[in-house]
Amino acid sequence: MSAEVLSALSDALPAEAIVTDPDSMDAYRWDRANDPDAGMPLAIVRATSTEDVQTVVRIAAAAKIPVVPRGAGSGLSGGSSAVEGGIIVCLDRMREIAVDPATRIAVVQPGAFNAEVKAAAAEHGLWYPPDPSSYEFCSIGGNVATNAGGLCCVKYGVTTDYVLGMTVVLADGRAVELGGPRVKDVAGLSLTKLFVGSEGTLGIITEVTLRLIPAQLPPTTLVATFPTLEGATQTVLDICAQMRLSMLEFMDRASINAVEDELRMGLDREAAGMLVIQSDEPGEYASGQIATVEELCAKNGASEVYATDDADEGEAFVTARRMAIPAVEKKGTLLLEDVGVPLPRLGDLVVGIERIAEDRDVLISVIAHAGDGNTHPLLIVDPTDAEQRARADIAYGEVMDLATSLGGTITGEHGVGRLKKPWLADYLGADVMELNHRIKAALDPDNILNPGAVY
């Protein structure tokens, strides 16, 4: 059967689109989560069009073999891990972007980087707000597949808020058009939203219509450090009770120190927590917000508060926050979490994670999109220490259990993938899990689309 599938692919697609050499395929087997159970695919197909994707899916459907869609490979939950004997459809060659400034939309192929969409929009005085820390190298297709958020989502929302329509290749090879360049459209069920966040398990997205907005005003930046976690998280709650900022990010001591090791920018290594805050409101309104934030920081015991209108200086602090994951990653192998809680429980979550780290004797660094309660605990493990890895695996589950016990979620924006799948059923409950399975079975009855991810 494998030979027949490879022959069918070779007959239908250009030779340069198909990769079968094991050494060359190895680079496509993992995303950034480095799933240890990733298989060896039968082939990689580097598609250049919706028609290419349709061809692959039809051949795979006839043979009932798995198809795993892959963008830039920047995922953090094993969502694009290779399946043994399957086909990986890599969309990294599909990079076209067309901006219509009159309607404020962009029609984008899935392989385009988030940063490329931002740049194309900026040429017309427009902005695409979703901005994961990996925005320079993550793809729009992956962003849509996981409903990615980012540093500005506290004010501007997440990917689904900007997806107006898409082209999706279904499990039988049909390509369907969902939604389109219309701000309002309630004809039929909201199928576009169903595919956002579906992690390639319901269909393969080959084009997306995105909503753009006017360019962001130059922000004012404030950075505050705190001697206690409680002071930092209480400040977040106090701020959110009074205003909506364009950025409200958190870093703990471990992440501060990891970033300082890399950037040497004078961050306070003794601080228990640091907030990176921005207001992009016009003129005096932004000044008023920042003044109020300074007062709230002082009330909650901040050891230092610094505000600046200088764009380069402000961006340096934002870069420090974006650097947290790669900086911490240099300290060892990462088990990366993505848990979120209702905002009033943020302090309980952060302090609880600190307790888990102490109990399991594992270093856990916490960064967070604090303004919406979405945290990224980073468990750091010595890859040569099997006993430490075992403790970290326990702590990984305990962090997710803690989040759900606080009314939270096991994933806010990275997706379930393969790594968080064991916790999904308990989180959703039997009835909702059964609904998920029914939808999956209706759209992909032979389970060929990204099998093993999510479900």
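This is a predicted model: local features need pLDDT of at least 70, side-chain atom pairs count only at pLDDT 80 or more; totals for chains, interfaces and linings use all residues.
**Stop 1: strand 4**

Select strand 4, residues 87-90. Both of its faces are covered. Colour Ile87 and Val89 on one side, then Ile88 and Cys90 on the other. All four names belong to buried residues.

**Stop 2**

Now show the neighbours. Four strands make up an open sheet, in the order 1-2-4-3, with mixed pairing. Which strands stand at the edges? Select strand 1 (18-19) and strand 3 (67-70) to find them. Each has a single partner strand, so one side of each is left without a neighbour in the sheet.

Look at the partners of strand 4. Strand 3 runs parallel to strand 4, and four bridges join them. Pick Val67: Ile87 stands opposite, in strand 4. Pick Val68 next: here Ile88 of strand 4 stands opposite. Then turn to strand 2. Strand 2 also pairs with strand 4 in the parallel sense, over four bridges. Click Arg46 and look for its bridge partner in strand 4, which is Cys90.

**Stop 3: helices on the sheet**

Select helix 3, residues 50-63. This helix lies across strand 2, strand 3 and strand 4. What angle does helix 3 make with strand 4? It runs at about 170 degrees to that strand.

Stay on helix 3 and click Arg58, one of its residues. Is Arg58 buried or partly exposed? Its relative accessible area is 45%, so Arg58 counts as partly exposed, between the 20% and 50% limits. Beyond its neighbours within four places in sequence, Arg58 is in contact with Asp172 and Gly173. Arg58 and Cys297 lie 58 Å apart, C-alpha to C-alpha, and 239 residues apart in sequence.

**Stop 4: from Asp172 to a pair of salt bridges**

Move to Asp172, a contact of Arg58. The side chain of Asp172 meets that of Arg174 in a salt bridge, 2.8 Å from N to O. Asp172 is partly exposed, at 42% relative accessibility.

Next, select Arg182 and Asp185. Their side chains meet in a salt bridge too, at 3.1 Å from N to O. Arg182 is partly exposed at 39% relative accessibility. Asp185 is also partly exposed, with a relative accessible area of 42%.

**Stop 5**

How many salt bridges does the structure hold? There are 22. Pick out the one between Glu249 and Arg321, whose closest N and O atoms are 2.8 Å apart. This pair links distant parts of the chain. Glu249 sits in strand 13 (residues 247-252), Arg321 in helix 11 (residues 311-322), and 72 residues separate them. Are these two residues buried or exposed? Glu249 has 2% relative accessibility and counts as buried. Arg321 has 1% and counts as buried as well. The cut-off for buried is under 20%, so both values qualify.

Now select Lys155, Asp280 and Glu281. Salt bridges that share partners join these three residues into one network.

**Stop 6**

Go to strand 6, residues 105-108, and click Val108. Val108 is buried, at 1% relative accessibility. What does Val108 touch, apart from residues up to four places away in sequence? Its contacts are Glu96, Ile97, Val117, Ile140, Glu207, Val208 and Leu210. Draw a distance to Glu207.

Then click Thr206, in strand 10 (residues 204-211). Thr206 is buried, with a relative accessible area of 1%. Set aside its neighbours within four places in sequence. The contacts of Thr206 include Thr50, Val53, Met94 and Gln109. Pro110, Thr167 and Val169 are also among them.

**Stop 7: out to the surface**

Finish outside. Select Leu189, Leu191, Leu194 and Ile439 and show the surface. They form a nonpolar patch with about 360 Å² of accessible area together. Zoom in on Leu194, found in helix 7 (residues 191-195). Leu194 is partly exposed, with a relative accessible area of 32%.

Technical notes. Residues are numbered from 1 along each chain as its sequence is written. Side-chain values use heavy atoms; hydrogens and water are left out. Helices (H or I, at least four residues) and strands (E, at least two) are DSSP runs, numbered from the N terminus. Buried means under 20% relative accessible area, exposed over 50%, partly exposed in between (1.4 Å probe, protein chains only). Contact means heavy atoms within 4.5 Å. Two strands pair if DSSP finds at least two bridges between them. Axes are lines fitted to C-alpha atoms, for helices over the stretch in contact, and angles run from 0 to 180 degrees between N-to-C directions. Patches are made of residues with over 30% relative accessible area and no salt bridge: like charges are joined within 9 Å, nonpolar side chains (Val, Leu, Ile, Met, Phe, Trp, Tyr) within 5 Å. Accessible areas come from the Shrake-Rupley method with a 1.4 Å probe; for residues, only the protein chains shown count as cover. A salt bridge is a side-chain nitrogen of Lys or Arg within 4 Å of a carboxyl oxygen of Asp or Glu.
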